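Hello,

Here is the structure I promised to pass on to you. Have a look at it first, and then read on for my notes.

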Amino acid sequence: IRPQEELKSWQERDPVLRLEKKLIEAHIFSEEEIRDKKKRLQAKIDKIHQEAKQAAFPHPDKLMHYVFR
């Protein structure tokens, strides 16, 4: 477990949160628009995750296909 000070320090440097703040300050997106985009993105992630969990395992002969060596 990390000390609270360290956690806070890293949270302040979080690039995603910093970008969100800059987009809001520049009036590119509102907080509501960012929340909406996050909800839609999370829904897509959840859908893809469910599809992956339900997918069949690949045949052993194809396990190394598309793996960079």
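Let me begin with His27, which is exposed, with a relative accessible area of 74%. For this and what follows, buried means under 20% relative accessible area, exposed means over 50%, and partly exposed is in between (1.4 Å probe, protein chains only).

Before going further, a word on where the values come from. This is a predicted model, in which local features need pLDDT of at least 70 and side-chain atom pairs count only at pLDDT 80 or more, while totals for chains, interfaces and linings use all residues. Residues are numbered from 1 along each chain as its sequence is written, and side-chain values use heavy atoms, with hydrogens and water left out.

The confidence score, pLDDT, is the predictor's confidence in each residue, from 0 to 100. The protein chain has an average pLDDT of 94, and 100% of the residues score at least 70. Confidence is lowest in helix H1 (residues 4-12), with a mean of 92, and highest in H3, at 98. Helices (H or I, at least four residues) and strands (E, at least two) are DSSP runs, numbered from the N terminus.

Back to His27: where does His27 sit? You will find His27 in the loop between helix H2 (15-25) and helix H3 (31-54). Its phi is positive, near 60 degrees, in a residue other than glycine. Most residues other than glycine have a negative phi. Another residue to look at here is Tyr66, which is not a glycine and has a positive phi of about 65 degrees. Tyr66 lies in the segment after H3 and counts as exposed, at 87% relative accessibility.

At the start of H2, a side-chain oxygen of Asp14 reaches to within 2.8 Å of the backbone nitrogen of Val16.

Next come the salt bridges. How many salt bridges does the structure hold? There are four, where a salt bridge is a side-chain nitrogen of Lys or Arg within 4 Å of a carboxyl oxygen of Asp or Glu. I will describe some of them.

One of them joins Glu20 and Lys38, with the closest N and O atoms 2.8 Å apart. Glu20 lies in helix H2 and Lys38 in helix H3, so this pair ties together parts that are 18 residues apart in sequence. Is Glu20 buried or exposed? Glu20 is buried, with a relative accessible area of 16%, whereas Lys38 is partly exposed at 44%. Leaving aside residues up to four places away in sequence, Glu20 touches Ile34 and Lys38; contact here means heavy atoms within 4.5 Å.

Another salt bridge pairs Asp36 with Arg40, and their closest N and O atoms are 3.2 Å apart. Both residues lie in helix H3, four residues apart, which is about one turn of the helix. Asp36 is partly exposed, with a relative accessible area of 38%, and Arg40 is partly exposed too, with 46%.

Lys47 and Glu51 also form a salt bridge, with the closest N and O atoms 3.0 Å apart. Being four residues apart in helix H3, Lys47 and Glu51 are separated by about one helical turn. Lys47 is exposed, with a relative accessible area of 54%, while Glu51 counts as partly exposed at 42%.

Last, the surface. Which residues form a nonpolar patch there? Leu63, Met64 and Val67 do, with about 270 Å² of accessible area together. Patches are made of residues with over 30% relative accessible area and no salt bridge: like charges are joined within 9 Å, and nonpolar side chains (Val, Leu, Ile, Met, Phe, Trp, Tyr) within 5 Å. Accessible areas come from the Shrake-Rupley method with a 1.4 Å probe, and for residues only the protein chains shown count as cover.

Best wishes

Technical notes: Polar contact = N/O pair within 3.5 Å; in protein donor to acceptor, adjacent residues only side chain to side chain.
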